[in-house]
Amino acid sequence: MYGGGYIFDEPNRKQLREEQLHDDPEKLAAFEERIAKGEKIEPGDWMPVEYRRQLTRLIEQHAHSEVIGALPEGTWITRAPGFKRKLALIAKVQDEVGHGQLLYNAAETLGKSREAMINDLLSGKSKYSNVFNYPAMTWADVTVIGFLIDAAAIVNQVANAKGSYGPYCRALERICYEESFHLKQGHDALIELATGTPVQKAMLQDALNRWWQPIMHFFGPPDKVSQHSEKLMQWKVKMASNDEMRNQFLDAYVPKIWELGLTLPDAHLHKNPETGRWEYTDPDWDLFFKVINGGGPCNQERLQVRKWAETEGRWVRKALMKPEERKVMPVA
Amino acid sequence: MSNQSYDPRVNRLKLGSTDDPIKVEEGENWNIYEVFHQEKRGAHHEHVGCVHAPDPQLALVFAKEQFGRRKKCVNLWVVRSADILAFDLEDEDMFANNMEKTYRDASGFKVMEKINKFKGAGKQPPAKDGKEK
Ligand SMILES: [Fe+2]
Ligand SMILES: [Fe+2]
């Protein structure tokens with residue numbers, strides 16, 4: 001997982017314009033030319049203030065999503081059915097936490113310390129992918145997460161891996177490689193239920209029904225209402241629009257659900273043969289914003305578990321701290 | 001906590017009994033180490049990323065967990081990020097390869113041309129005075 005396709009930003013247009021005025025126009029032109037040529041930007045390079053701010057926000061929220069995303073699945077490790085599934089789930093959850101580390105490092109190269117990022121997560125200032133504010137109630141939920149949510153994240157991460165910021169691209173390259181295992185093990189576990197007993201099939205169908213709306217929310221609001229992001233596209237921070245990524249996801253994965261004799265809870269969901277685009281009933285976008293702002297079923301639990309980990313681990317970290325050490329940001 | 005968790009272990013933690021804000025201090029996540037990974041004996045160590053650790057020994061432990069858990073790896077190096085000295089990226093132009101530096105490059109020496117010219121000349125019949133050109 002889990003580059004939530006949607007990256008939360010507080011509307012802050014006025015500040016943005018003032019900041020941009022301070023960018024040296026000559027340097028800005030050279031920077032944009034470099035990106036247009038397909039070159040990568042590295043930590044020591046000059047970059048516009050707004051580029052740095054948006055990338056920090058994007059990579060940081062991606063990192064939080066990996067770490068928080070490990071929680072709903074992590075709770076199923078002890079209850080995973082069978083030895084192989086347990087081993088695979090442990091490996092996957094470890095990967096996700098590792099993805100968090102890789103991404104925190106990439107974000108740190110932009111100048112924000114890891115401690116500051118964790119504080120912003122714990123205080124609720126910085127967000128993470130909305131899907132993890134829903135509970136994994138049964139083992140079938142774990143298979144739906146492993147297959148469909150990792151699949152959605154892959155669509156997003158493969159796109160972002162072609163972005164302009166070197167450290168983020170390198171982290172994503174490693175992440176995408178591991179994601180292929182997540183997707184495959186998720187698909188395998190989901191197929192086992194889909195082709196199993198009537199009770200297993202019913203459990204899976206129930207999980208799909210509950211997760212479909214959060215999955216449709218995953219890539220964020222439709223392009224027609226979503227914030228203007230031309231500059232971010234030009235700077236190769238955002239690589240594809242929300243609707244483009246959602247369409248790509250539906251195109252690749254809806255057939256893989258239908259072929260198993262499963263259904264999705266949207267009677268209108270179909271591919272328009274003329275446009276080649278998928279059509280669907282709009283999910284409830286008011287609910288989406290309500291959940292992002294703390295109103296989901298698990299927001300509180302996720303942050304409290306995360307706080308508990310920080311509180312309980314603190315004595316270990318402090319015992320090993322060496323405040324006199326010189327600390328700098330990662331070099332690449 | 002208002003909602004009961006679906007995870008019995010989370011419920012046992014009795015989370016939320018204290019809702020004090022927690023603040024992680026700067027430096028609490030230790031120092032940053034760059035990690036270099038060697039894929040097989042005889043290969044170079046290559047930079048793969050970094051880890052946070054309180055000292056080099058633990059940096060190696062974390063590096064093994066983070067960068068050596070899947071693909072082949074026979075050795076790792078770690079070094080504090082602060083100890084890396086690098087050129088300023090703004091000075092990139094000093095590496096620009098100028099075209100007059102072919103004397104430093106294998107491609108700047110055309111031996112075959114000369115050999116072929118020599119061999120071609122050798123096939124000419126010898127001059128009448130018996131001297132070769
Ligand atoms: Fe994943
Ligand atoms: Fe991940």
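In helix H10 of chain A, the buried residues are A:Asn242, A:Asp243, A:Met245, A:Arg246, A:Asn247, A:Phe249, A:Leu250, A:Tyr253, A:Val254 and A:Ile257. Buried means under 20% relative accessible area, exposed over 50%, and partly exposed in between, with a 1.4 Å probe and protein chains only. Helices (H or I, at least four residues) and strands (E, at least two) are DSSP runs, numbered from the N terminus.

This is a predicted model, in which local features need pLDDT of at least 70 and side-chain atom pairs count only at pLDDT 80 or more, while totals for chains, interfaces and linings use all residues. Residues are numbered from 1 along each chain as its sequence is written, chains are lettered from A and ligands numbered from 1 in the order in which they are written, and side-chain values use heavy atoms, leaving out hydrogens and water.

**Helix H10 of chain A**

The cover over the buried residues of H10(A) includes helices H6 (139-160), H7 (166-194), H8 (198-217) and H11 (285-295) and strand E2 (278-279), of chain A. Contact here means heavy atoms within 4.5 Å. H10(A) has 17 residues (242-258) and should span 24 Å at 1.5 Å a residue; its end C-alpha atoms are 23 Å apart, which agrees. The expected span is 1.5 Å times one less than the number of residues. H10(A) has a kink of about 30 degrees at A:Asp251, shortly before the proline A:Pro255. The bend is the angle between axes fitted to the seven residues ending at a residue and the seven starting there.

A:Asp243 lies in this helix and is buried, because its relative accessible area is 18%. A:Asp243 touches A:Pro222, A:Asp223, A:Arg277 and A:Tyr280, not counting residues up to four places away in sequence. A:Pro221 is 22 residues from A:Asp243 in sequence and 8.1 Å away in space, C-alpha to C-alpha.

**Pocket and cavities**

On a 1 Å grid over the protein atoms alone, a cavity is a set of points where a 1.4 Å probe fits but cannot get out, and a pocket is an open set with protein on both sides within 12 Å along at least five of seven lines; lining residues have an atom within 4 Å of a point. Grid points are joined across faces, edges and corners, and a volume is the space filled by probe spheres set on the points.

The largest pocket is lined by 35 residues, and A:Val67, A:Val97, A:Gln101, A:Arg306 and A:Ala309 lie nearest its centre. Elements giving two or more residues to this lining include H3 (49-74) and H12 (299-320) of chain A and strand E2 (45-53) of chain B.

The whole structure holds four cavities of 30 Å³ or more. Among the residues that line the second largest cavity are A:Glu73, A:Arg85, A:Trp139 and A:Gln185.

**Chain B**

Chain B has three helices and three strands, in the order α-β-β-α-β-α from the N terminus. Of its 133 residues, 25% are buried. A:Asn119, in helix H5 of chain A, touches B:Ile22, B:Lys23 and B:Val24, not counting residues up to four places away in sequence.
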